[in-house]
Amino acid sequence: MSLEITRVLCGMIRENAYVVSVAGRRDCAVIDPGDDFPALKRAVGERQLGAILLTHGHFDHILGAGPLARETGAPVYVAAEDAEMLGDARLNGYAHLMGVHEMPGPALQPRAYGERLSVCGMTFDILRTPGHSKGSVCLYLAGEGVLFSGDTLFCAGYGRLDLHGGDAGAMLQSLKALFELPGGVKVLSGHGEATTIGEERARYRL
Ligand SMILES: [Zn+2]
């Protein structure tokens with residue numbers, strides 16, 4: 001099965017959103033829609049938006065989710081542990097950056113992930129990778145060898161540990177678990193450029 005993946009750089013923090021679909025299908029999923037609704041809409045194009053998948057609850061990954069969900073009716077998924085962050089500007093970091101305490105846009109009505117999620121002809125394994133936040137997950141398409149790693153694993157780095165729910169010990173365990181994946185797995189993260197599990201594993205002695 002061949003995937004079509006479009007990266008959309010969102011907002012002043014340059015967060016990576018991804019529009020993902022199976023080639024030839026008329027529907028798609030959006031992962032971590034940040035603060036650029038018009039660009040996300042353009043990237044979705046004529047396809048039907050089937051689901052909005054969040055890797056965690058930080059504001060820079062979710063600001064496009066409300067407008068997209070309102071316009072398309074697509075369900076929004078997040079881990080239960082991060083659900084409280086979505087509407088809370090203090091917990092999700094928006095208040096700290098913007099100096100306001102109200103989240104803009106429509107409130108989200110998220111659904112909680114299970115172990116696996118099948119949408120738009122794709123089956124994502126939901127890997128629980130706490131550390132950057134309590135409910136951080138990585139979304140793994142095992143058959144295609146693609147991992148959407150959110151802010152857990154970056155090219156040459158990992159996510160901050162000093163925000164709400166951050167936990168260094170949990171991050172260590174999460175990175176160890178990710179490094180058990182095959183080295184050729186492509187890693188598409190929430191910020192910065194793409195990498196692979198093998199390239200990142202080689203940087204650490206865990
Ligand atoms: Zn984050």
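This is a predicted model: local features need pLDDT of at least 70, side-chain atom pairs count only at pLDDT 80 or more; totals for chains, interfaces and linings use all residues.
Q: Which residue of β9 is the bridge partner of Asp125?
A: Strand β8 (residues 122–128) pairs with β9 in the antiparallel sense. Four bridges hold that pairing. The partner of Asp125 in β9 is Tyr140.

Q: Which residue in β10 stands opposite Tyr140?
A: β9 and β10 run antiparallel and are joined by three bridges. Tyr140 has its counterpart in β10, and that residue is Leu147.

Q: Which residue in the hairpin of β9 and β10 takes a positive phi?
A: Four residues lie between the two strands of this hairpin. The positive phi is near 65 degrees, and the residue that takes it is Gly145.

Q: How many of the five residues of β9 are buried?
A: A residue is buried if 20 or more other C-beta atoms lie within 10 Å of its own. β9 is mostly covered by that test. Of its five residues, the buried ones number four.

Q: Why is one side of β1 and of β6 left without a neighbour in the sheet?
A: These strands belong to an open sheet of six, ordered β1-β2-β3-β4-β5-β6, with mixed pairing. β1 (3–10) and β6 (111–112) stand at its edges.

Q: What angle does the direction of helix α1 make with that of β1?
A: Helix α1 (residues 37–44) packs on the sheet. It touches β1, β2 (15–22), β3 (27–31) and β4 (48–53). Its direction and that of β1 make an angle of about 165 degrees.

Q: What angle does the direction of helix α2 make with that of β4?
A: Helix α2 (residues 65–72) also packs on the sheet. Its contacts are with β3, β4 and β5. Between its direction and that of β4, the angle is about 145 degrees.

Q: Within what arc do the buried residues of α4 fall?
A: Helix α4 (residues 168–178) buries Met171, Ser174 and Leu178. Seen down the axis, they line one face of the helix, because they fall within an arc of 65 degrees.

Q: Which exposed residues does the face of α4 turned away from its buried side carry?
A: The buried residues of α4 pack against β9 (137–141), β11 (153–154), β12 (157–158) and α5 (197–201). The face turned away from them carries the exposed Gly169 and Lys176.

Q: Does Gln109 count as buried or exposed?
A: Gln109 is found in the loop between α3 (94–98) and β6. Gln109 has 12 inside 10 Å, so the residue counts as exposed.

Q: What is the radius of gyration of the chain?
A: The chain has five helices and 14 strands. For 206 residues the globule rule gives 17 Å, and the chain comes close to this, so it is as compact as a globular protein of that length. Its radius of gyration is 16 Å.

Methods
Residues are numbered from 1 along each chain as its sequence is written. Two strands pair if DSSP finds at least two bridges between them. Two residues are in contact if their C-beta atoms, placed from the backbone, lie within 7 Å. Axes are lines fitted to C-alpha atoms, for helices over the stretch in contact, and angles run from 0 to 180 degrees between N-to-C directions. The arc is that of the directions from the helix axis to the C-beta atoms. The radius of gyration is taken over C-alpha atoms; the globule rule is 2.2 Å times the number of residues to the power 0.38.
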